[in-house]
Amino acid sequence: MVDFTLKPHPTIPKPEGPLLVCIMDGWGVNVEDEYNAVHVAETPTYDAARKVPGRFRSILAHGTAVGLPSDADMGNSEVGHNALGAGQVIDQGASLVDKALASGSIYEGEGWAHISEAFAENTLHLIGLLSDGGVHSRTDQLFALVRGAADRGAKRIRVHVLTDGRDVPDGSSVGFAKELEAVLAEVRGRGVDALIASGGGRMCVTMDRYEADWEIVRRGWAAHVLGEAPHTFPDAVTAITTLRAEGSADPVSDQWLDPFVIVGADGEAVGPVRDGDAVAVFNFRADRVCQISKAFEYEEFAAFDRVRWPRTRFVGLMQYDGDLKLPARFLVPPPAISGVSGEVLARNGLRTFACSETQKYGHVTFFWNGNRSGYFDEALETYVEVPSDRVPFNQLPLMKAREICEAGKEALRSGRYDTVRINFANPDMVGHTGDLAATVEACACVDAAVGELLALTDELGGRWLLTSDHGNADDMVQRHKKTLAPLRDEAGQTVALTSHTLAPVPLAVGGAGLPEGVAFREDQPKAGLANVAATIFNLLGYEAPGHMEPSLLKA
Ligand SMILES: O=C(O)[C@@H](CO)OP(=O)(O)O
Ligand SMILES: [Mn+2]
Ligand SMILES: [Mn+2]
């Protein structure tokens, strides 16, 4: 049972001004070389914070420290914000799916029973991100599901693939498509009619998030469900290699492949979705599959014209939104995240302001609150979303940092909030483009905006905590596994790294209202993101709640 009562801290008094909590998304602490955009950028705010003895350290943001299956797993926004907001290390989706596959329990639940009703007479469609990145999905889990369905009576399987190049190297989607083809050939050998049916790049097709651009989802619906796309191909490997060479994005990459449909010798799409079919989304992470789930599941739906809405047996690999019960049926129960800091604050009458731009809006609200889409107490909380641009973000590395900064300042000045929580998306979203120069600019923009927020917090006699959710901008080049030397292509150019990194992230505290003796303790060298929530309670003048990982402050 969670005890929600907050007790005053014995030595740290409540602050006179507000507490600013600032997340610089994708800002890691890493080797300081020319490929580290954080290091290359002009960052006077960050540099000053780093110099204060006892008030700067790094914390772990990847692997088992944040509930991922292994320490080879890079961190990501979902697990990062879950850990930051909950103050607990929670077994995350990827781990839960691994366990359910290993024990076979995935085949015993209501979700599997629901889809397996369609196996004898209809088609099972599997839709999701095709890579081993482990952020949204993993190919080994997809392959297990294909084989598991074939073993359990599925007669016809169609896979709809979203190419990655963001959590894994650009160009790797060809290899993943080949691996999937081999698994499908294997089950065809057992008499199952199994094919890849459609696909497209994850940033262009289906995997929009937080309703940034429904057109992305509409393109996916057209390809997966209606069997319609601007490009048709006889197979997925041909589709991906051809579109990589000739697609319409500039530059074309796995992330931005146009939608495509696989057609048979007769020119007909091999796998549109029909009434009575089963559809399973095989991503475990929620944000980028909520919208496609709504399109399948909701009878009332106005986001785009579906043209045709097949009545399907729909499941998610997990339930993606517990408040919305979306989707109603799922293969693996999602992590139970309770006693999160947002709820503790609300139950104690403390007032919260949270803000980011669309791309990260759900990160500082939904993920922060343990995957809950609503408020704990609307009277005490204000959430503000600044609409994101709809361009590849290296074109506009400033993104919405100015608008977010202004919204944050207004909230700080208003005196209406005990905590003001801000996420700056730039280092992460620009880092994912692989464009080093633009990412350097992104880091500088964020540093400047953070500088203004810290200065105002000081002026108001407040306190601040500066951190991140995982690395990204801190390493922008793919490296030789052993020597760590940058990889180069045939032309001698270094090969960009578009993914997150395994780097730890900064944690800095300060503010004119922070009593002098407050500093980080030295006995928690392995601390991670889950230690931040308790630290925040201390900064607010309270003892850390007992169910959370310990605070990192001594006072
Ligand atoms: O863009 C995303 O979906 C992921 C990377 O796959 O990034 P983040 O975890 O930072 O949201
Ligand atoms: Mn992130
Ligand atoms: Mn990211």
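Into which domains is the chain divided? The chain is divided into domain 1 (24-91 + 336-479 + 491-509 + 519-538) and domain 2 (94-332), with bounds that come from an automatic or database domain assignment.

## Basis of the description

This is a predicted model, in which local features need pLDDT of at least 70 and side-chain atom pairs count only at pLDDT 80 or more, while totals for chains, interfaces and linings use all residues. Residues are numbered from 1 along each chain as its sequence is written, chains are lettered from A and ligands numbered from 1 in the order in which they are written, and side-chain values use heavy atoms, with hydrogens and water left out.

## Domain interface

The centres of domain 1 and domain 2, taken over C-alpha atoms, are separated by 30 Å. Contact (heavy atoms within 4.5 Å) joins 28 residues of domain 1 to 29 residues of domain 2. The two domains bury about 2,200 Å² between them, 48% of it on carbon and sulfur atoms; buried area is the accessible area (1.4 Å probe) that two parts lose on being put together, summed over both.

Two salt bridges are found across the interface of domain 1 and domain 2, a salt bridge being a side-chain nitrogen of Lys or Arg within 4 Å of a carboxyl oxygen of Asp or Glu. Between the domains, 13 residue pairs are in polar contact, both residues at pLDDT 80 or more. A polar contact is a pair of N or O atoms within 3.5 Å; within protein, one must be able to donate a hydrogen and the other to accept it, and residues adjacent in sequence count only if both atoms are side-chain atoms. On the side of domain 1 that touches domain 2, α3 and α12 (358-367) each supply at least two residues, and the largest share, eight residues, comes from α12. Helices (H or I, at least four residues) and strands (E, at least two) are DSSP runs, numbered from the N terminus.

## Manganese site

Donors are N, O and S atoms within 2.8 Å of the metal (3.2 Å for Na, K and Ca); water is not among the atoms, so sites may look incomplete. The manganese ion (ligand 3) lies 4.4 Å from the manganese ion (ligand 2).

S77 in helix α3 (residues 77-86) and D469 in the loop between β14 (463-467) and β15 (505-510) are 392 residues apart. S77 is buried, with a relative accessible area of 1%, and D469 is buried at 0%; buried means under 20% relative accessible area, exposed over 50%, partly exposed in between (1.4 Å probe, protein chains only).
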